[in-house]
Amino acid sequence: MFNENQQQHFTKPWYKILYDAYSFQYTEYEDAGNKGGSLLSGHKPICVAEDVYLIDGFDLNIPNRTGSYILIGDKVTIIETGPGLAVPQILAGLAELNIAKEQIAHIIVTHVHLDHAGGAGHLVNECPNATVFVHPRGLRHLADPKRLVAGTRAVYGEWFEELFDPVLPIPEHRLKEMSDSSRLNISSKRTLTFIDSPGHANHHFSIYDSQTHGVFTGDTAGIRYPDLEYYNAELYLPSTSPNQFNPEAMHHSLKRIFSLKPKTIFFGHFGPSDNTTQIYEEVSQRLEDFITIGTQVYQEHGNQTELAQQLFNYVEKDQALVKIPEEHPVRSMIQLDADISAMGLFDYFKRNSKD
Ligand SMILES: [Zn+2]
């Protein structure tokens, strides 16, 4: 059965559905957060680990979706910028933490998808001493974002302007590529190690932090839905978005990341979790399930909308969602992710079909 939001989904841009859904219940969620629930970080940076702060970028205008991490040390470091629209949130968060823009030494983007790196061009203009660290396959796209913009427009269509525009190029001398296993010192307590982690995208690395023994995984280790944790439920889904999704590479990257025995996974979407065994097992299993469901729909000549619906149905019957109220907007968020994952799966099957 569809609820009203999911029905609208087919006739209205999904981000507007999400925005409406969240603003409708926003006050209620803020109250829950104020009562000690970890539901909503709100507009203030929150400390999520030793010398690590999370700032909600309100990507798509919704809370608990896309975040930036601020690492405190001699060289203050930002991991993920979010889209351009998140930059004012980051600047407000830095001010709240009493960090001057001049103190920002490093801006790291896990990959160049615009919901992770779209703000980098805006942020380097604000932070005169910052260098942007990027995967070798992503560098040229940040220096000249034309192709990145065209690719994103292909996924987001006419809503590109409202969500991502403008994307600013970054002068080459402000960009630095980091190869696999290379290191970056932040303070006497903290060294970051860059790990090539394809699967979600070829231009993706993850970052191991020696101080927290955590890994910043961008989209490689999937998506976390913190709203569910208010109801004592957890859910982690793989992110198989277009157009470089590769399941074998994703499995391999997951294995490599979790073989480091991280204490914490810091998700791009959204926030940290210490339940690393569950994350690894759940995302690996669901990745296989996504491929099984996708293969079936693709082979039976189904379309992408059908696959999105089947992925959503598969997630919805999970235990994690049983406790969640029927009208909760997180269901719209999951529907959105099912949509984007279906798009990426179809793209993958097309790239790999023999005819
Ligand atoms: Zn991505």
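How many bridges pair strand E6 with E7, and in which sense? I looked this up before anything else. Strand E6 (residues 131–134) pairs with E7 over 3 bridges, in the parallel sense; pairing needs at least two bridges found by DSSP between two strands. Phe 133 stands opposite Lys 176 in E7.

Ground rules I noted: residue numbers start from 1 along each chain as its sequence is written. This is a predicted model, where local features need pLDDT of at least 70, side-chain atom pairs count only at pLDDT 80 or more, and totals for chains, interfaces and linings use all residues. My element labels are DSSP runs numbered from the N terminus: helices are H or I with at least four residues, strands are E with at least two.

**The 7-strand sheet**

I traced an open sheet of 7 strands in the order E1-E2-E3-E4-E5-E6-E7, with mixed pairing. Its edge strands, each pairing on one side only, are E1 (46–49) and E7 (175–177). The twist averages 30 degrees from one strand to the next. I take angles from 0 to 180 degrees between N-to-C directions, with axes as lines fitted to C-alpha atoms, for helices over the stretch in contact. Helix H3 (residues 87–96) packs on this sheet, touching E2 (52–56), E3 (67–71) and E4 (76–79). The direction of H3 makes about 140 degrees with that of E2.

**The 6-strand sheet**

I then followed a second open sheet, of 6 strands, ordered E8-E9-E10-E11-E14-E15 with mixed pairing. E11 (residues 214–218) and E14 (residues 264–267) run parallel and are joined by 4 bridges. Phe 216 stands opposite Phe 266 in E14.

**Helix H10**

I checked the length of H10: its 24 residues should span 34 Å at 1.5 Å a residue, and the end C-alpha atoms are 34 Å apart, which agrees. The expected span is 1.5 Å times one less than the number of residues.

What does H10 (residues 276–299) do with H11 (residues 304–316)? The two pack at an angle of about 145 degrees, with axes 10 Å apart. Asp 289, Phe 290, Ile 293, Gly 294 and Val 297 in H10 meet Glu 306, Leu 307, Gln 310, Leu 311 and Tyr 314 in H11; contact means C-beta atoms, placed from the backbone, within 7 Å.

Among the buried residues of H10 I listed Ile 279, Arg 286, Phe 290 and Tyr 298. Buried means 20 or more other C-beta atoms within 10 Å of the residue's own, also placed from the backbone. The buried residues of H10 pack against E13 (236–237), H9 (247–259), E14, E15, H11 and H13 (330–352). After H10 comes His 301, with a positive phi near 60 degrees.

Note on methods. Two residues are in contact if their C-beta atoms, placed from the backbone, lie within 7 Å. A residue is buried if 20 or more other C-beta atoms lie within 10 Å of its own, exposed if 12 or fewer, and partly exposed in between; C-beta atoms are placed from the backbone.
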